[in-house]
Amino acid sequence: MEEYINEAEHLLMHTYSRYKIILDKGDGVYLYDIEGKKYLDFGAGIAVFALGYGNTEYNAALKAQIDKLLHTSNYFYNVPSIKAASKLAAASGMDRVFFTNSGTEAIEGAIKLARKYYYKKHHTGDSQIIAMNKSFHGRSMGALSVTGQPSYRVAFEPLIGGVVFADFNSVEDIRAKINEKTCAIILEPVQAEGGIYPAEGEYLKEVRKICDEQDILLIFDEIQCGMGRTGSMFAWQEYGVKPDILTAAKALGCGVPVGAFAAVEKVCQAFEPGDHGTTYGGNPFTAAAVNAVFDQYEKLNLIEHVKEVSSYLELSLEEFAKSHSGIKERRGKGLLQGLEFEYPVKEIIQKAMDNNLILFSAGSNVLRFIPPLVITKEHVDEMLEILKKVIE
Ligand SMILES: *Cc1c(COP(=O)(O)O)cnc(C)c1O
């Protein structure tokens with residue numbers, strides 16, 4: 001293992017401080033490293049592997065598509081992408097879909113669509129987007145421009161212009177930042193990387209109202225909180241506040257790199273042929289993955305399962321927080337949960353890994369719990385037992 005890690009440290013760019021683990025295979029909600037050590041996975045490849053590892057029908061669907069046709073190009077139609085678009089549109093309540101290769105590209109597309117909508121109305125590109133402090137939307141230049149965490153941004157400025165930041169969950173701050181140039185408001189219904197902060201219901205309703213009154217587009221980034229993680233297919237459905245543009249990725253392909261932005265018809269009308277494109281996006285292979293994912297969600301009745309197991313996780317974390325000192329609070333929705341500590345959690349995470357549990361952080365003081373959606377109550381108990389041992 002050490003030899004491989006040394007080689008990696010010479011070959012790969014130093015953009016990550018990786019844990020000294022080389023993962024090799026997965027089975028259900030467990031991962032194994034190349035030396036056979038077993039880990040309970042409460043990270044799911046950063047909220048990606050919703051179905052758990054080794055779902056045979058999902059795997060079979062991918063294998064079949066590999067043997068048939070991997071890629072065509074967007075000069076042609078392909079059946080898997082039509083079916084995937086139909087499923088995503090139905091699940092998200094949006095009318096049209098554009099498939100991308102990642103989350104950050106979905107954000108790029110959403111920004112371009114919002115700007116084009118404004119441009120068609122005002123015949124100028126001099127518009128503004130309101131984004132949130134503590135948000136995370138990705139690493140490409142446009143997505144970084146709407147990411148409200150200075151540490152990710154400063155070395156890469158100037159980013160794209162026309163972005164102003166508001167405090168999350170503050171209607172007053174949105175009102176203060178709106179002007180005649182505002183074309184869109186972008187937010188995560190549950191802020192994930194920024195520390196697991198769910199939006200307040202009244203806040204989202206008020207933001208929706210403001211957007212309707214002033215023809216401002218509301219963009220929900222559901223790349224992490226979507227695809228069933230919070231207990232409904234997309235978090236907006238739980239809040240009863242529908243966006244005009246929605247982004248998805250992470251669990252959308254469950255390990256196959258695919259993202260999407262989708263929108264309601266009046267917004268989609270802004271795009272014309274030539275406005276946007278991608279070589280890979282929506283190719284038969286990634287679309288087959290999206291189809292298999294939606295099929296498995298239905299077959300496993302996964303949303304209902306998430307509701308049940310997540311209320312158990314929430315209660316257990318709540319109790320855990322009360323019975324241990326140094327924990328400030330539990331926050332989150334569904335299987336997107338966080339425990340905020342009074343101190344950095346880096347050491348807890350390392351010791352959890354030593355003790356066969358994979359956990360991530362969300363900011364320096366917050367432990368993040370984002371397991372595969374198929375976990376059971378027994379897995380929750382197993383996780384807490386390890387965590388208890390580590391903390392004590
Ligand atoms: C992960 C994430 C992104 C970026 O997705 P990538 O696939 O890493 O580019 C954007 N928004 C949110 C909310 C995310 O969690």
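Guide: Let's start with a turn: strand 13 and strand 14 form a hairpin with two residues between them, and Gly-334 in that turn has a positive phi of about 60 degrees. One caution: this is a predicted model, where local features need pLDDT of at least 70 and side-chain atom pairs count only at pLDDT 80 or more, while totals for chains, interfaces and linings use all residues. Residues are numbered from 1 along each chain as its sequence is written, and side-chain values use heavy atoms, with hydrogens and water left out.

Visitor: What makes strand 13 and strand 14 a pair?
Guide: Two strands pair if DSSP finds at least two bridges between them. Strand 13 (residues 327-333) and strand 14 (residues 336-341) have six bridges, in the antiparallel sense. In one of these, Arg-330 has Leu-339 of strand 14 as its bridge partner. The strands themselves are DSSP runs (E, at least two residues), as helices are (H or I, at least four), numbered from the N terminus.

Visitor: How do you know that strand 2 and strand 3 pair?
Guide: By the bridge rule again: strand 2 (residues 30-33) and strand 3 (residues 38-41) have three bridges, antiparallel, against the required at least two. Leu-31 stands opposite Tyr-39 in strand 3.

Visitor: Why are strand 1 and strand 15 at the edges?
Guide: The open sheet of four strands runs 1-2-3-15, with mixed pairing. Strand 1 (23-27) and strand 15 (357-358) each have a single partner strand, so one side of each lacks a neighbour in the sheet.

Visitor: Which residues are around the ligand, and what puts them there?
Guide: A residue counts as near if one of its heavy atoms lies within 4 Å. Among those around the ligand are Ser-102, Phe-136, His-137, Glu-188 and Gln-224.

Visitor: How much of the ligand does the protein bury?
Guide: Taken alone the ligand exposes 380 Å², and the protein buries 81% of that, by the Shrake-Rupley method with a 1.4 Å probe.
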